[in-house]
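Please look over the model below before reading on. The points that follow are meant for someone who has not seen it before.

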Amino acid sequence: MRIMVVSDTHGEFDKFNKAVLTQQSAQIVIHLGDQNGELEDVKSLYPEKCFIGVRGNCDLGSKLPDSEELNLEGTKIYMTHGHLHNVKLGFGEISAAARKRDANIVLFGHTHCPFCEYITGLHMLNPGSLRMTDTYATIDILENGIVTNIVDMRKNKVYSEFDIDLLYY
């Protein structure tokens, strides 16, 4: 199963739509917050895909939840924008929140910086800001494990947790 993850689109409908178009095999699209309604707009174009969203700190008046938990094919995912876990100051709070929920994957945004790392049984993934860095993430849940990647639309390149350091410009 392929999952596409975006965050911090801040009104960039065209970039969001282009990203979804590049991931035809993604069955689920997750938006981690700070969007100006483009989640609903893009969702209407792809009725065959499941769209899930959480509220970010810029999503004033949104009825989306602050966090969500999914269980897909035996993999537990905890997702939130990140501002309520102070991710700009480090990943300790969000990591603890994910571990408390027995999550295999934690998804967050807010920092606008892509991050992809496996730390002691937990895949930590921030897709970056689709608006600022032109990046999003993919998750493949396979029979033999989980694969997380960052996709850089500017460079048309995919980075795994093993070569994520090459992403920074």
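The numbered points below go from the overall fold to single residues.

1. Basis. This is a predicted model, in which local features need pLDDT of at least 70 and side-chain atom pairs count only at pLDDT 80 or more, while totals for chains, interfaces and linings use all residues. Residues are numbered from 1 along each chain as its sequence is written, and side-chain values use heavy atoms, with hydrogens and water left out.

2. Overall fold. The protein chain has three helices and 11 strands, where helices (H or I, at least four residues) and strands (E, at least two) are DSSP runs numbered from the N terminus. Along the sequence the pattern is β-α-β-α-β-β-β-α-β-β-β-β-β-β. The radius of gyration, taken over C-alpha atoms, is 14 Å, close to the 15 Å that the globule rule gives for 169 residues, so the protein chain is as compact as a globular protein of that length. The globule rule is 2.2 Å times the number of residues to the power 0.38. The C-alpha trace spans about 35 × 35 × 35 Å along its principal axes.

3. Of the 169 residues, 52% count as buried; buried means under 20% relative accessible area, exposed over 50%, and partly exposed in between, with a 1.4 Å probe and protein chains only. Among contacts (heavy atoms within 4.5 Å) between residues at least 6 apart in sequence, 50% join residues at least 24 apart.

4. The open sheet. Six strands form an open sheet in the order E3-E2-E1-E9-E10-E11, with mixed pairing; two strands pair if DSSP finds at least two bridges between them. Strand E3 (50-53) and strand E11 (157-160) are at the edges with a single partner strand each, so one side of each has no neighbour in the sheet. Strand E10 (residues 145-152) pairs with E11 in the antiparallel sense over four bridges, and Asp152 stands opposite Lys157 in E11.

5. Nonpolar cores. A nonpolar core is a set of buried Ala, Val, Leu, Ile, Met, Phe, Trp, Tyr and Cys residues joined through side-chain atoms within 4.5 Å. The largest one has 20 residues, of which Ile3, Val5, Ile30, Ile77, Met79, Leu107 and Ile139 touch the most other members. Strand E1 (2-6), strand E2 (28-31), strand E4 (67-72), E5, E6 and strand E9 (135-142) each supply at least two residues of this core, and E9 gives the most, with three residues. Apart from this core lies another, of 15 residues, including Met4, Phe16, Val20 and Ala26.

6. The aromatic cluster. Which residues form one aromatic cluster? They are Phe91, Phe108 and Phe115. Rings of Phe, Tyr and Trp (its six-membered ring) pair if their centres lie within 6.5 Å; planes under 30 degrees apart count as stacked, over 60 as edge-to-face and the rest as tilted. By this rule there are two aromatic pairs. Phe91 and Phe108 have ring centres 5.2 Å apart and planes at 55°, so this pair is tilted. The rings of Phe91 and Phe115 have centres 4.6 Å apart and planes at 45°, so the pair is tilted. Phe91 lies in the loop between E5 and H3 and Phe115 in strand E7, so the pair ties together parts 24 residues apart in sequence. Phe91 is partly exposed at 27% relative accessible area, whereas Phe108 is buried at 0% and Phe115 is buried at 15%.

7. His123. This residue is in strand E8 (residues 122-126) and is buried, at 9% relative accessibility. Not counting residues up to four places away in sequence, His123 touches Asn104, Ile105, Val106, Glu117, Tyr118, Ile146, Thr148 and Glu161.
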